[in-house]
Amino acid sequence: MKWFERIRWGLLLLTVVGVTSCTQEDDDNLGPAPVRGEADFTKYVAVGNSLTAGFADGGLYRESQLNSYPNMLAKQFGLVGGGTFVQPLFSADSANGSGYVRLIRLPQSPVELLTSLRQIAPGAVRTTVNGRPLYSKFTGANNNLGVPGIRMSDVLSPGYGSAQGNPYFERLLPGTASTRTYLDYVGDNLNGATFFTCWMGNNDVLGYTTSGGVNAMTTSAVFTTNYTALLNKLTENNRKGVVVGIPNTAAAPYFRTITIPLLLAQLNASRPAGTPVIPALVIQTAAGPRASRDGDLLMLPNALEYLKIGTTTAGTGQGPYGLSATNPLPTQFVLDSDEAAAAFNRLTEFNNLMKQQAEAKGLVFVDPNQVLTQLGQTGGYLQDGVTYNLSFIQGGAVSLDGIHLTPAGYALIANEIIKGINTKYKSTLPLLNTSTFNRVLLQAQ
């Protein structure tokens, strides 16, 4: 079977929804008017990373910002007295933002997978510093404080918003404020805030998993110190809110689309009849090279690298690449089972800490892994007449970078947050109709 045959056939059945409205169906308005309960949504502020900012398809751009889950929530909060929600939008003239990718044809092989994605050029680069882009500035009042790439370990770091730091944070600060920490920036924008959401911590594990275990995870001590400081700031004046946990991204299409069994099937199918079957790849681990086994994960962006497996011109050149102990597949191209387990353990530790602190302060805690589990189950996750799953492209919930969500995926998360708010604070906020939000779109060039 071809590597991506399941994607090809799934795409033939894909129904693409082209509506980006964030309103619920008219039927939702026929019942009693929603009430805010014990929460006050007058001024809502969202704290977080790329998932809060609306990052999708490998970039941050105006349309993705407009479909951020905080913007969806703010519209629902507006039904019970919520005020204006300001986001640091890229202007219409620079709507491409940092650039992103879009699907222009249906992939039928690993090579076609990459060529089926068209890179859209950035539209908001104002200058470059040492070859790094700096984006058009947005300063002033802001309710969506999401900064793509930020880790919990960064929130107390002076200079994180400098020209040498995170360009997404740099664009939010006036030039004279580049030494302010993210915690400072959160404090600057909490004046008068009555409600918050906080979805942080993803990148403290994600950088490790996407690098095949090369980049270090945040230590538990640093995470605890910084998270405690952030949550203390957010809950000043008995402010109510929601804490969202860290998703296990090892379940995402980024790690589940190109699999070792699919690679082995392709390699063995191309070998002459009677040739011994290749039972496993050979991968480099911290303990040395070994045969691949259940739990070892490959990564979507490395599709072209995996096409070199079996050749003698890649890697060390001392034996067939990825099939020999003298020429194993390098560690950065595989998240091995031990690394995946270490990441899951650290993620669980962080989630337990966040849940404990949230509950101690009377906040809502939302575990996104409950949604991931439903998306990953056989038959997918049926919502509003649409079945979502974790398949790349046709699954509907995950965008073209294999990690971040589509508008429909963000709507699924927004609904989980609304459910938590309604339960904890006795609100009756209506849920979003997820079928009115875009999934992956096939767009002509």
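## The second largest pocket

In this predicted model, 14 residues line the second largest pocket, and those nearest its centre are Val101, Leu117, Pro301, Leu400 and Asp401. The pocket has a volume of about 220 Å³.

Strand S2, helix H5 (110-115) and strand S3 (117-120) each contribute at least two residues to this lining. Sorted by class, the lining holds 10 nonpolar, two polar and two charged residues.

## The largest pocket

Now to the largest pocket, which holds about 290 Å³ of space. It has 21 lining residues, and Asp57, Tyr61, Glu63, Leu441 and Gln443 are the closest to its centre.

Two or more lining residues come from each of helix H3 (62-66), strand S2 (100-103) and helix H15. The largest share, three residues, belongs to S2. You will find 10 nonpolar, seven polar and four charged residues around this pocket.

## Where H4 meets H15

Helix H15 also packs with helix H4 (residues 69-77), at an angle of about 50° and with the axes 9 Å apart. Because of that angle, H4 counts as oblique to H15. Their crossing is right-handed.

On the H4 side, the contact is made by Tyr69, Met72, Leu73, Gln76 and Phe77, which meet Pro407, Tyr410, Ala411, Ala414, Ile417, Ile418 and Ile421 of H15. This contact has 11 nonpolar residues, one polar residue and no charged ones.

## Where H9 meets H13

Another pair to look for is helix H9 (residues 220-234) with helix H13 (residues 337-360), which pack at an angle of about 30° with their axes 11 Å apart. H9 is therefore roughly parallel to H13, and the crossing is right-handed.

From H9 come Ser220, Phe223, Thr224, Tyr227, Thr228 and Leu231, and they meet Arg346, Glu349, Phe350, Leu353, Met354, Gln357 and Ala358 in H13. Seven nonpolar, four polar and two charged residues make up this contact.

How values were computed
Residues numbered from 1 in each chain as written. Predicted model: local features only at pLDDT ≥ 70, side-chain atom pairs only at ≥ 80, totals over all residues. Heavy atoms only, no water. Axes fitted to C-alpha atoms, helices over the stretch in contact; angles between N-to-C directions. Helix = DSSP H or I, 4+ residues; strand = E, 2+ residues; numbered from the N terminus. Parallel < 35°, antiparallel > 145°, perpendicular 65-115°, else oblique. Left-handed = near helix turned anticlockwise from the far one by under 90°. Contact = heavy atoms within 4.5 Å. Nonpolar A, V, L, I, M, F, W, Y, C, P; charged D, E, K, R; others polar. 1 Å grid on protein atoms, 1.4 Å probe; cavity = no way out; pocket = protein on both sides within 12 Å on 5 of 7 lines; lining within 4 Å. Points joined across faces, edges and corners; volume = space filled by probe spheres on them.
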